[in-house]
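Morning, everyone. Please look at the screen, and I'll walk you through it.

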Amino acid sequence: MKSYNLEAFKGIIIALYSSYDAEGNIDKEAARKLARHYASTGVKGLYVGGSSGEGMLQSVEERKQMLEAVIAEVGDELTIIAHVGAPSTRDSVELAVHAELVGAHAVSAVPAIYYRLSPDSVESHWQAIIDSTSLPFIIYHIPQTTGFQLSKSLLVKMAAQDKVIGVKISAESTFELQQFKAAGGNDFLVLNGPDEQYLAGRSIGADGGIGGTYGVMPELFLKVEQCYGQGDMAEAQKWQFIINDLIVELLSFPSLYGACKAILSLRGFETGQPRMPLLPIEASDQDRVKALNNRILDYILEAKG
Ligand SMILES: CC(=O)N[C@H](C=O)[C@@H](O)[C@H](O)[C@H](O)CO
Ligand SMILES: CC(=O)C(=O)O
């Protein structure tokens, strides 16, 4: 049995977009406002500084600022997972130590990026992060961006440690998800990455999910979860299919994050533009963003109805 409370990590966890001001600097007030809003939706937690949070595009100092803002606002209400993965182990450890200091509930990290690393290297990288705090650790497996294929044997080795409580799997194979769940055992969390497969992931063993598109429609993922929990698979599937239509549209813009940020802006939450090289939404995309936002809002109303 893990000595940590795993229940705090089971459910819908929003991969939070970072908030920037007009100059592109971290906007702590805006981040707090968005986090406050999410706390009112019923989600379980926030994942800060991950892919959607653009942690890899920020300085160590900026990443600390974002995390501090979020914890100051909702740290007592939501489970806060700090993504501390960085190209260097040194920066990752600094971020992990900071995350514990300011009150994060867990740290998480991708393998170190850019260099093609051996499993031994990635293991040492993760281990240094794990050893630097007393917080639980969640592996972030996203081979399509990191190039690192996590083996079952390394997963099992990591999961044997009390502190390693789970893996967030963004690979698209639900078979791999199931295999990781089986390998990690019942006392090991598997969190679904691809939002398009939330229900599929849940059905095959995921304990919940962490996703980037949750941020513009948390209510719809909560609806899938509610239907699934009640054993109403037909209804759960209906909502997953609606979500997938919306995600296909979101992915049709110059960048997914730009589209989600533009939608949040229409709802009164200014998070700025995605950071280059991620492309912003063009002025010519605005009408399409508005129409999509209205569609999502209609579905949210229906889901709540
Ligand atoms: C690569 C990436 O950012 N993946 C996210 C996390 O796993 C997902 O939440 C996607 O944003 C989502 O599934 C849309 O494709
Ligand atoms: C974890 C995740 O889904 C993200 O950071 O985008």
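Let's start with a loop. Glutamate 54 sits in the loop between β2 (45–48) and α2. Those labels are DSSP runs, numbered from the N terminus: helices are H or I with at least four residues, strands are E with at least two. Glutamate 54 has a positive phi of about 60°, although it is not a glycine.

Some ground rules. This is a predicted model, where local features need pLDDT of at least 70 and side-chain atom pairs count only at pLDDT 80 or more, while totals for chains, interfaces and linings use all residues. Residues are numbered from 1 along each chain as its sequence is written, chains are lettered from A and ligands numbered from 1 in the order in which they are written, and side-chain values use heavy atoms, with hydrogens and water left out.

Proline 277 lies in the loop between α11 (256–266) and α12. A cis peptide bond joins methionine 276 to proline 277, with omega about 15°.

On to helix pairs. How do α1 and α2 cross? The axes of α1 (residues 28–39) and α2 (residues 60–74) come within 8 Å and cross at roughly 45°. Axes here are lines fitted to C-alpha atoms, for helices over the stretch in contact, and angles run from 0 to 180 degrees between N-to-C directions. α1 and α2 are therefore oblique to each other. The cut-offs: under 35 degrees is roughly parallel, over 145 roughly antiparallel, 65 to 115 roughly perpendicular, and the rest oblique. The contact (heavy atoms within 4.5 Å) includes Ala31, Ala35 and Ala39 of α1, and Met66, Ala69 and Val70 of α2. Its residues divide into eight nonpolar, one polar and five charged. For those classes, Ala, Val, Leu, Ile, Met, Phe, Trp, Tyr, Cys and Pro count as nonpolar, Asp, Glu, Lys and Arg as charged, and the others, Gly among them, as polar.

Next pair. The axes of α4 (residues 119–131) and α6 (residues 152–159) come within 12 Å and cross at roughly 20°. That makes α4 roughly parallel to α6. Pro119, Glu123, Trp126, Gln127 and Ile130 in α4 meet Leu154, Lys157 and Met158 in α6. By class, that contact has five nonpolar, one polar and two charged residues.

Last pair. The axes of α10 (residues 233–250) and α12 (residues 286–304) come within 11 Å, crossing at roughly 165°. That makes α10 roughly antiparallel to α12. Among the contact residues are Trp239, Ile242 and Leu246 of α10, with Leu292, Ile296 and Tyr299 of α12. This contact has eight nonpolar, no polar and five charged residues.

Now the ligands. Which residues are around ligand 2? They are Ala15, Tyr47, Gly50, Ser51, Ser52, Tyr140, Lys168, Ile210 and Gly211. Being around a ligand takes one heavy atom within 4 Å of it. A polar side-chain atom of serine 52 lies 2.6 Å from an oxygen atom of ligand 2. For lysine 168, a side-chain N or O atom is 2.5 Å from an oxygen atom of ligand 2.

Ligand 1 is surrounded by 13 residues, and the closest are Lys168, Ser170, Asp195, Glu196 and Gly212. Serine 170 has a side-chain N or O atom 2.5 Å from an oxygen atom of ligand 1. A polar side-chain atom of aspartate 195 lies 2.9 Å from an oxygen atom of ligand 1.

Definitions and conventions:
A polar contact is a pair of N or O atoms within 3.5 Å; within protein, one must be able to donate a hydrogen and the other to accept it, and residues adjacent in sequence count only if both atoms are side-chain atoms.
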